[in-house]
Amino acid sequence: MQKHIICPQRTRKTPKQFSWVDHRLVRDRFIDQCSHKSAALYLFLITVADAQGLSYYSDVSILKHLKMDDAGLAQARLELIRIGLIAYQKPIYQVLALDPIPTPIPTRTASTPQLLGQIFKQIIKEAP
């Protein structure tokens with residue numbers, strides 16, 4: 001199927017202000033875990049966040065924009081935190097990167113014995 005622009009006079013351009021939606025939201029199935037309220041909150045936050053993903057919008061302001069009640073906002077916020085899409089420390093929201101979180105390599109002391117098979121498995125897992 002060939003794509004064609006339906007409305008050329010309204011072709012979207014990157015705005016001067018910073019904002020985007022990462023395709024991995026769908027591809028990596030984050031959106032599948034969102035309720036309508038949490039998806040609305042996420043859309044709002046990615047739209048208003050700065051380049052570091054930070055938003056200082058107050059809950060009162062978010063409630064007005066999204067037409068939610070306090071309980072709905074709290075539930076949506078907790079859902080997005082659980083999914084790993086945002087961090088929240090009142091009054092700041094942070095939209096998080098969708099990159100996988102690197103797992104730290106456990107540090108071992110010389111006195112911790114390890115089987116040779118475990119060592120080889122670790123080497124294989126870390127190989128590019």
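# Close-up views of a predicted protein model

**View 1. Arg27 and Asp28 pair up.** Asp28 is partly exposed, with a relative accessible area of 37%. Please keep in mind as you explore these views that the model is predicted. The partner of Asp28 here is Arg27: their side chains form a salt bridge, with N and O 3.5 Å apart. Arg27 itself is exposed, at a relative accessible area of 52%. What lets such side chains pair? Side chains of opposite charge can do so when their charged atoms come close.

View 2. Asp22 is joined to Arg24 by a salt bridge whose closest N and O atoms are 2.6 Å apart. Asp32 forms a salt bridge with Arg29, and here the closest N and O atoms are 2.8 Å apart. Asp32 is partly exposed, with a relative accessible area of 48%, whereas Arg29 is exposed at 54%. How many salt bridges are counted in this structure? The count comes to four.

**View 3. Arg29 and its backbone angle.** Stay with Arg29 for a moment and look at its backbone. Its phi is positive, about 65°, although Arg29 is not a glycine. Where does Arg29 sit? You can find it in the loop between α1 (24-27) and α2.

**View 4. Lys67, another residue with a positive phi.** Lys67 has a phi near 55°, a positive value in a residue other than glycine. Lys67 belongs to the loop between α3 and α4. Is Lys67 buried or exposed? Lys67 is exposed, because its relative accessible area of 73% is above the cut-off, which is over 50%.

**View 5. The largest nonpolar core.** This core brings together 21 residues, and Tyr42, Leu45 and Leu85 have the most contacts inside it. Several elements take part: α2 (36-48), α3 (59-66), α4 (70-83) and β3 (92-95) each give at least two residues to this core. Which element gives the most? The answer is α2, with five residues.

**View 6. The surroundings of Leu85.** Leu85 is one of the residues with the most contacts inside the largest core, and here is its neighbourhood. If you leave aside neighbours within four places in sequence, Leu85 is in contact with Leu25, Phe30, Cys34, Tyr42, Leu80, Gln94, Val95, Leu96 and Leu98.

View 7. How many disulfides does a search of the whole structure find? It finds zero. Cys34 is buried, because its relative accessible area of 16% lies under the 20% cut-off. Cys7 is partly exposed, with a relative accessible area of 33%.

**View 8. Strand β3 and its two partners.** Strand β1 (residues 54-55) pairs with β3 in the antiparallel sense over two bridges. Here Leu54 has Gln94 of β3 as its bridge partner. β2 and β3 also run antiparallel, and four bridges join them. On this side, Ile86 has Val95 of β3 as its bridge partner.

**View 9. The two faces of β3.** Which residues lie on the covered face of β3? Tyr93 and Val95 do, while Ile92 and Gln94 make up the uncovered face.

View 10. Two residues form the hairpin link that joins β2 to β3. Pro91 lies in the loop between β2 (86-89) and β3. The peptide bond from Lys90 to Pro91 is cis, with omega near 10°.

**View 11. Stepping back to the whole protein.** The protein has five helices and three strands. Starting at the N terminus, these elements follow the order α-α-β-α-α-β-β-α. Of its 128 residues, 21% count as buried. The accessible surface comes to about 10,600 Å², and 61% of this belongs to carbon and sulfur atoms. Finally, consider contacts between residues at least 6 apart in sequence: 60% of them join residues at least 24 apart.

Definitions and conventions. Residues numbered from 1 in each chain as written. Predicted model: local features only at pLDDT ≥ 70, side-chain atom pairs only at ≥ 80, totals over all residues. Heavy atoms only, no water. Buried < 20%, exposed > 50% of the residue type's maximum accessible area, 1.4 Å probe, protein only. Core = buried A, V, L, I, M, F, W, Y, C linked by side-chain atoms within 4.5 Å. Contact = heavy atoms within 4.5 Å. Disulfide = S-S within 2.5 Å. Areas by Shrake-Rupley, 256 points an atom, 1.4 Å probe, with all protein chains shown as cover. Pairing = 2+ DSSP bridges.
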